[in-house]
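Please keep the structure open while reading.

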Amino acid sequence: MAPAALRVAGRRLSQHSRAGAPVLLRQMFEPTSCTYTYLLGDRESREAILIDPVLETAPRDAQLVKELGLRLLYAVNTHCHADHITGSGLLRSLLPGCQSVISRLSGAQADLHIEDGQSIHFGRFALETRASPGHTPGCVTFVLNDHSMAFTGDALLIRGCGRTDFQQGCAKTLYHSVHEKIFTLPGDCLIYPAHDYHGLTVSTVEEERTLNPRLTLSCEEFVKVMDNLNLPKPQQIDIAVPANMRCGIQTLPS
């Protein structure tokens, strides 16, 4: 993708989305990998995007898009996932016109590649891309243009964060990503993560700045904690990662 295709050129859109109806937001859950998928839409233009779709629940997502009378422009991934196969390939088949999107630094194939600072537009709204590597080198956080909400993928979870012991992860890099790219957002900015394992659905920047037990540590303490988690390997990693490296452009059978 040419960089200009997704960039907000020299202007802020912070008041633009407030002029009309608020963004349409639906949060959906996939229980096997505890993954959240987010549908965002413009109620006026009916243009929409999906963030972090899962293969098994892609038909559910496509049905909701149709029921709400939306036109899905993009199926976007915050990074190359290791615990599930993305639904972006299947959604391209279920909803013709939908394009897959992922960070160029992920190394994964997709219709469109994004970079830090670029924005993805849908109707009157836009998602700003903020590179937030550390869990993987290609992780990004998507911030709504009025800074009212951020979709943090695995970089920042509710009272936690993504692991850094595989996929070229780096605890020090993750610490700086969260503090410099996410914790600098307004305190009341809503945090929507890619996963939750405790039944929580949303947090805020201020909550995580002050209550996150890992990210309130010093960088040195954080690195020690992350280096000693001793977590088991994700069950689907050997299947999910290879599939996700190509699934953004692969049309899967519906």
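This is a predicted model: local features need pLDDT of at least 70, side-chain atom pairs count only at pLDDT 80 or more; totals for chains, interfaces and linings use all residues.

Q: Why are β1 and β6 called edge strands?
A: The sheet is open and has six strands in the order β1-β2-β3-β4-β5-β6, with mixed pairing. β1 (24-30) and β6 (112-114) each have a single partner strand, so one side of each has no neighbour in the sheet. The twist averages 25° from one strand to the next.

Q: What makes β1 and β2 a pair?
A: Two strands pair if at least two bridges are found between them. Seven bridges join β1 to β2 (residues 35-41), and the two strands run antiparallel. The count of seven meets the cut-off of at least two, so β1 and β2 are a pair. Arg26 stands opposite Leu39 in β2.

Q: How do you know that β11 and β12 pair?
A: Strand β11 (residues 190-193) and β12 share two bridges in the antiparallel sense. The cut-off is at least two bridges, so β11 and β12 count as paired. Ile191 stands opposite Ser203 in β12.

Q: Which strands are at the edges of the sheet that holds β7 and β12?
A: This open sheet has six strands in the order β7-β8-β9-β10-β11-β12, with mixed pairing. β7 (119-122) and β12 (203-204) are the edge strands, and each pairs on one side only.

Q: Which strands does helix α1 lie across?
A: Helix α1 (residues 58-67) lies across β1, β2, β3 (47-51) and β4 (71-76). The helix runs at about 160° to β1.

Q: What makes a space a cavity, and how many cavities of 30 Å³ or more does a search of the whole structure find?
A: In a cavity a 1.4 Å probe fits but cannot get out. The search finds one cavity of 30 Å³ or more. About 70 Å³ of space lies in the largest cavity. Of its 15 lining residues, the closest to the centre are Asn77, Thr86, Ser88, Ile102 and Asn244. Strand β5 (residues 99-103) gives the largest share of the lining, three residues. By class, the lining has six nonpolar, nine polar and no charged residues.

Q: What is the volume of the largest pocket, and which residues are closest to its centre?
A: The largest pocket has a volume of about 720 Å³. It is lined by 29 residues, and those closest to its centre are Asp83, Arg163, Tyr197, Leu231 and Pro234. The lining divides into eleven nonpolar, eleven polar and seven charged residues.

How values were computed:
Residues are numbered from 1 along each chain as its sequence is written. Side-chain values use heavy atoms; hydrogens and water are left out. On a 1 Å grid over the protein atoms alone, a cavity is a set of points where a 1.4 Å probe fits but cannot get out, and a pocket is an open set with protein on both sides within 12 Å along at least five of seven lines; lining residues have an atom within 4 Å of a point. Grid points are joined across faces, edges and corners, and a volume is the space filled by probe spheres set on the points. Ala, Val, Leu, Ile, Met, Phe, Trp, Tyr, Cys and Pro count as nonpolar, Asp, Glu, Lys and Arg as charged, and the others, Gly among them, as polar. Helices (H or I, at least four residues) and strands (E, at least two) are DSSP runs, numbered from the N terminus. Axes are lines fitted to C-alpha atoms, for helices over the stretch in contact, and angles run from 0 to 180 degrees between N-to-C directions. Contact means heavy atoms within 4.5 Å.
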